[in-house]
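Hi,

Here is the structure I promised to send over.

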Amino acid sequence: MSGEIHISIVGLPSSGKTTFLAALWHMVREAGSNTALSFDRLSQGNYEHLNALAKRWRSGTIQQRTQVSGAKAVTMRLKDDDRQKVEVSFPDLPGEDFSRMWERRELDKGMLETLTAPSLVLMINGDTIKMPARLVEWKTLQRKLGLVPPEKEPIEWSADLAPTQVRIVDLLQMLMSGDLNIGGRRLALLISAWDKVEGEGQTPAEILESKLPFLSQYLRSGRDPWTWQVWGLSAQGGVYEDPEKDESFAETDRLRDLERPSDRIKVVDGDAVSSDITMPLKWLID
Ligand SMILES: Nc1nc2c(ncn2[C@@H]2O[C@H](COP(=O)(O)OP(=O)(O)OP(=O)(O)O)[C@@H](O)[C@H]2O)c(=O)[nH]1
Ligand SMILES: [Mg+2]
């Protein structure tokens, strides 16, 4: 590996993209941290944005929603153990862009470069997976709870009622067709907010299988040439506080009390757990 590598981070709104970048930048800059990819040197560019994200992350404050007009490309110069250098650029895009792509079948020309990157990080927030409700069960439950008046109007279909995995599979198929089809690509699937799902005692592959069976089947079927792997990622280690809601949690205090901020991070690969948030990136560019 050498030169410049474009890695794009894709994911629906609030899937954890900006938090991932914040934790990554903090960790490669933290004194004494030991990661598969490490910080090489500053190159020309604007690090203010990354520094601001990392500062916010360290303080235990949730990231602001990325604004449609506020998309920023960030570039990091990293190196691996063999001192091979790589310049990784990640556009920090708002999830709304991906939602819009799905809902309106529109492709913003400005997103073309992002969407044709040979390596993708796909984030899915493990805490907010919208599961497909079996209609029959749903109806029965509603009736039992007395929520359905006898002759109620059917609820009109709207895009935001669609299950997470339906949107994701469709996005992945769009990435493999038409102008976006550049052939085989690598996909690192990160199930974020892992601290919220780990209590279920399942591996990331098992969560994929049980909570996102349609996505799992799509990827395993090999219908589209993805080389993929799944990780669990807790980029915060737990809940962070929203200053707009005046939140203050004991859990966040505990995270702030850890000796090194990077001790908050958990990257889960099968049964193996580490705090090396660069592992999925290392896999992507190897
Ligand atoms: N518990 C927990 N929550 C997390 C973690 N990582 C992200 N979140 C939460 O997920 C929400 C969304 O995170 P963001 O990083 O802003 O998501 P995004 O994909 O950049 O969202 P947009 O900019 O709107 O597209 C926030 O409320 C975070 O606190 C984590 O490791 N643990
Ligand atoms: Mg964001």
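Let's start with Thr19, which counts as buried at 14% relative accessibility (buried is under 20% relative accessible area, exposed over 50%, partly exposed in between, with a 1.4 Å probe and protein chains only). Before going further, the ground rules: this is a predicted model, where local features need pLDDT of at least 70 and side-chain atom pairs count only at pLDDT 80 or more, while totals for chains, interfaces and linings use all residues. Residues are numbered from 1 along each chain as its sequence is written, chains are lettered from A and ligands numbered from 1 in the order in which they are written, and side-chain values use heavy atoms, with hydrogens and water left out.

Back to Thr19: this residue lies in helix H1 (helices are DSSP runs of H or I with at least four residues, strands are runs of E with at least two, and both are numbered from the N terminus). Setting aside neighbours within four places in sequence, Thr19 is in contact with Trp57, Gln63, Ala235 and Gln236 (contact means heavy atoms within 4.5 Å).

**The magnesium ion**

Which protein atoms hold the magnesium ion (ligand 2) as donors? They are OG1 of Thr18 and OG1 of Thr66, lying 2.0 Å from the ion. Donors here are N, O and S atoms within 2.8 Å of the metal (3.2 Å for Na, K and Ca), and water is not among the atoms, so sites may look incomplete. Thr18 sits in helix H1 (residues 17-29) and Thr66 in the loop between helix H2 (48-58) and strand E3 (72-79), so the two tie together parts that are 48 residues apart in sequence. Thr18 is buried at 8% relative accessible area, whereas Thr66 is partly exposed at 21%.

**Helix packing**

H1 and H2 also pack against each other, at an angle of about 90 degrees and with their axes 8 Å apart. The axes are lines fitted to C-alpha atoms, for helices over the stretch in contact, and angles run from 0 to 180 degrees between N-to-C directions. That makes H1 and H2 roughly perpendicular to each other (65 to 115 degrees; under 35 is roughly parallel, over 145 roughly antiparallel, and the rest oblique). On the H1 side, the contact is made by Thr18, Thr19, Leu21, Ala22, Ala23, Trp25 and His26; H2 brings Leu50, Asn51, Leu53, Ala54, Trp57 and Arg58. By class, the residues of this contact divide into eight nonpolar, four polar and one charged. For the classes, Ala, Val, Leu, Ile, Met, Phe, Trp, Tyr, Cys and Pro count as nonpolar, Asp, Glu, Lys and Arg as charged, and the others, Gly among them, as polar.

Further along, the axes of H7 (residues 204-211) and H8 (residues 213-221) come within 5 Å and cross at roughly 110 degrees, so H7 and H8 are roughly perpendicular to each other too. Leu208, Glu209, Ser210 and Lys211 of H7 meet Pro213, Leu215, Ser216 and Arg220 of H8.

**Strands E6, E7 and E8**

E6 (residues 185-192) and E7 (residues 226-234) pair in the parallel sense over seven bridges (strands pair if DSSP finds at least two bridges between them). E7 also pairs with E8 (residues 266-269), in the antiparallel sense over three bridges.

Leu189 belongs to E6 and is buried, at 1% relative accessibility. Beyond four places in sequence, Leu189 touches residues including Leu122, Ile124, Leu208, Leu215 and Leu219. Leu189 and Val10 are 179 residues apart in sequence, yet 9.8 Å apart in space, C-alpha to C-alpha.

Which residues other than glycine have a positive phi? Ser14 has one near 60 degrees, and Asp246 has one of about 55 degrees. Ser14 is in the loop between E1 (4-10) and H1 and is partly exposed at 45% relative accessible area. Asp246 lies in the loop between E7 and H9 (250-257) and is exposed, at 73% relative accessibility.

Cheers
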